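Take the points in order and find each place on screen as you go.

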Amino acid sequence: MRPGERVPVDGTIEDGTSWIDESMITGEPIPVEKAAGSAVTGGTVNGAGGFVMVAERVGEGTTLARIVRLVAEAQRSRAAIQQLADRVSAWFVPAVVVAALATFTLWMVLGPEPRVVHALASAIAVVIIACPCALGLATPLSIMVATGRGALSGVLVKNADALERLAAVDVLVVDKTGTLTEGRPAVAALEAVEPFTKDEVVRLAAALERASEHPLGAAIVAAAGAGPLPLVSEFRSVTGRGVAGRVSGHDVLVGSLRFLAEAGVDTSSLAALATAHQEEGRTAVTVAVDGRPAGLVAVADPIKASAPAALAALRADGIEIVLLTGDARRSAAAVAKSLGIARFEAEVLPEEKGAVVERFRAEGRVVAMAGDGVNDAPALAHADVGIAMGTGTDVAIESAAVTLLNGDLAGLVRARRLGRATMRNIRQNLAWAFGYNLLGVPLAAGLLYPVFGVLLSPMVAGAAMSLSSVSVIVNSLRLRKLEL
């Protein structure tokens with residue numbers, strides 16, 4: 001990639017450094033520094049540096065192609081409020097026909113000569129001015145403009161219903177790793193239980209975690225260094241608990257204390273060590289070899305710089321924040337305290353996360369769930385609005401109704417603002433469309449004739465009908481200028 005060129009596909013920088021303008025993806029105007037190992041996105045613009053990148057996703061698999069596909073699907077979807085317009089239209093059309101026939105009859109009976117001409121002109125004017133074009137445009141046009149505006153700000157909305165539900169959300173259930181935290185954890189400390197050494201603990205753990213998708217696993221692999229790792233056989237991953245397999249002829253378990261205890265390992269020698277690290281907000285990943293405790297790896301994942309302000313803005317907007325994580329209670333408590341989150345649930349398994357969301361919904365709450373991992377997918381699917389971090393796994397993104405491209409909870413503040421503005425815009429459109437018809441039909445029928453001698457011609461009625469549609473279009477297009 002040469003300076004000034006547009007990145008053609010998604011990939012990873014192999015060599016070199018640069019600053020890349022990602023505003024078309026994230027909405028942020030400030031270029032982002034990229035170095036070896038950094039991910040780059042097709043469609044973004046390289047700055048002054050040059051680098052070599054490895055292409056990883058091309059064609060329909062790129063982020064840009066996915067954005068285009070999701071926006072197109074959202075613009076074709078229907079919001080629940082559209083059903084109101086549909087129900088009204090089902091009664092409105094027959095009512096207009098009846099009004100036109102009544103107008104024709106009244107003019108034929110009571111009108112001045114030439115009665116047939118007046119009756120026919122008035123009946124036609126009623127049919128024309130009551131044409132429900134504005135009613136049909138009111139909702140889909142607002143949705144189309146809003147989803148495009150959201151995409152420009154890094155908020156991808158999968159369907160129109162999500163925008164409507166976002167405006168009503170009163171509980172946000174949020175995952176910790178990768179959502180509140182950077183999702184780029186690093187090993188902060190190693191502990192070993194004799195006769196094992198710290199080097200053995202980290203290398204055995206890294207050998208297993210190399211096949212895992214979890215960000216904590218990536219941190220452990222990085223801590224093991226660049227040397228070759230032992231080969232693994234019989235690998236299996238238990239989502240939300242840990243991983244297991246045979247490493248160099250030994251049965252190795254890597255995961256939570258609960259995971260080891262369920263496998264029959266005596267974790268008493270690790271419990272105190274784990275507690276000390278958890279109280280500092282670290283995640284304790286414990287290791288067992290051949291049924292014996294071997295040690296633990298303490299992993300620290302810094303909280304995103306934007307998270308405190310985003311959560312404060314959401315709380316000020318009347319949303320209750322609930323932290324939901326599979327991490328140990330002490331680690332969750334430390335993170336919750338630092339972010340001012342009063343309510344949290346820890347040591348929750350993936351299948352239990354969905355149950356927690358359902359419990360809130362059973363209380364009559366409108367629940368949004370924000371997460372980024374495979375273990376969050378069930379809860380994202382159960383929530384009224386599932387919100388996935390764009391930096392997370394494909395499973396989470398597919399399960400969610402809204403994707404925050406830059407993986408920042410500040411995007412949720414923008415998404416909620418967009419949802420509210422969209423619903424307000426739709427209501428304005430519907431109010432105008434209904435009000436226009438309620439006023440226009442009597443005028444077209446000849447309401448002003450007995451007093452002022454004014455009769456609305458079909459040509460004027462046609463112009464007025466067009467004006468109503470133009471008004472709805474102009475009002476919907478105001479969403480393009482919405483400050484998010």
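1. A term to start with. A residue counts as buried when its relative accessible area is under 20%, and as exposed when that area is over 50%. Keep in mind that this is a predicted model. Now look at strand S13, residues 283-289. The strand is mostly covered, with 7 of its 7 residues buried.

2. Two faces of S13. In a regular strand the side chains alternate between the two faces of the sheet. In S13, Thr283, Val285, Val287 and Val289 point one way. Ala284, Thr286 and Ala288 point the other way. Residues on both sides are buried.

3. Partners of S13. Which way do S12 and S13 run relative to each other, parallel or antiparallel? They run antiparallel, joined by 4 bridges.

4. The turn from S13 to S14. These two strands form a hairpin with 2 residues between them. In this hairpin, aspartate 290 takes a positive phi near 50°.

5. Glutamate 234 has phi near 55°, and it is a residue other than glycine. It lies in strand S10, residues 232-238. Is glutamate 234 buried or exposed? Its relative accessible area is 61%, so it counts as exposed. Serine 248 has a positive phi as well, near 50°. Serine 248 is found in a loop, between strand S11 (242-247) and strand S12 (250-255). With a relative accessible area of 53%, serine 248 is exposed because that value is over the 50% cut-off.

6. A cis peptide bond. Check the bond from glutamate 194 to proline 195. It is cis, with omega near 15°. Proline 195 is in the loop between strand S9 (186-192) and helix H7 (198-209).

7. Which strands make up the open sheet of 3 strands? The order is S3-S2-S5, with antiparallel pairing. Strand S3 (32-34) and strand S5 (45-46) stand at the edges. Each has a single partner strand, so one side of each is left without a neighbour in the sheet. Strand S2, residues 18-21, is joined to S3 by 3 bridges. In one of the pairs, isoleucine 20 has valine 32 of S3 as its partner.

8. Helix H4 by itself. H4 has 15 residues. From its first C-alpha to its last it reaches 21 Å, close to the 21 Å expected at 1.5 Å a residue. Its buried residues are His118, Ala119, Ala121, Ser122, Ala123, Ala125, Val126 and Ile129. An α-helix has 3.6 residues a turn, so residues three or four places apart point the same way.

9. H4 against H18. Two packed helices are described by the angle between their axes and the distance between the axes. For H4 (residues 115-129) and H18, the axes come within 8 Å and cross at roughly 10°. That makes H4 roughly parallel to H18, because angles under 35 degrees count as such. On the H4 side, the contact is made by Ala121, Ile124, Ala125, Ile128 and Ile129. On the H18 side, it is made by Pro458, Ala461, Gly462, Ala464 and Met465. By class, this contact has 9 nonpolar, 1 polar and no charged residues.

10. After H18. Arginine 480 is in the segment that follows helix H18 (458-477). Arginine 480 is exposed, with a relative accessible area of 54%. Leaving aside neighbours within four places in sequence, it is in contact with Val145 and Arg149. Arginine 480 and valine 367 are 113 residues apart in sequence, and their C-alpha atoms are 27 Å apart in space.

11. A buried loop residue. Threonine 325 is in the loop between strand S15 (320-324) and helix H12 (329-339). Its relative accessible area is 2%, so threonine 325 counts as buried. What is threonine 325 in contact with, leaving aside its neighbours within four places in sequence? The residues are Asp175, Lys176, Ala332, Glu345, Ala346, Glu347, Val348 and Lys353.

Key: Residues numbered from 1 in each chain as written. Predicted model: local features only at pLDDT ≥ 70, side-chain atom pairs only at ≥ 80, totals over all residues. Heavy atoms only, no water. Buried < 20%, exposed > 50% of the residue type's maximum accessible area, 1.4 Å probe, protein only. Contact = heavy atoms within 4.5 Å. Pairing = 2+ DSSP bridges. Axes fitted to C-alpha atoms, helices over the stretch in contact; angles between N-to-C directions. Parallel < 35°, antiparallel > 145°, perpendicular 65-115°, else oblique. Nonpolar A, V, L, I, M, F, W, Y, C, P; charged D, E, K, R; others polar. Expected span 1.5 Å × (residues − 1).
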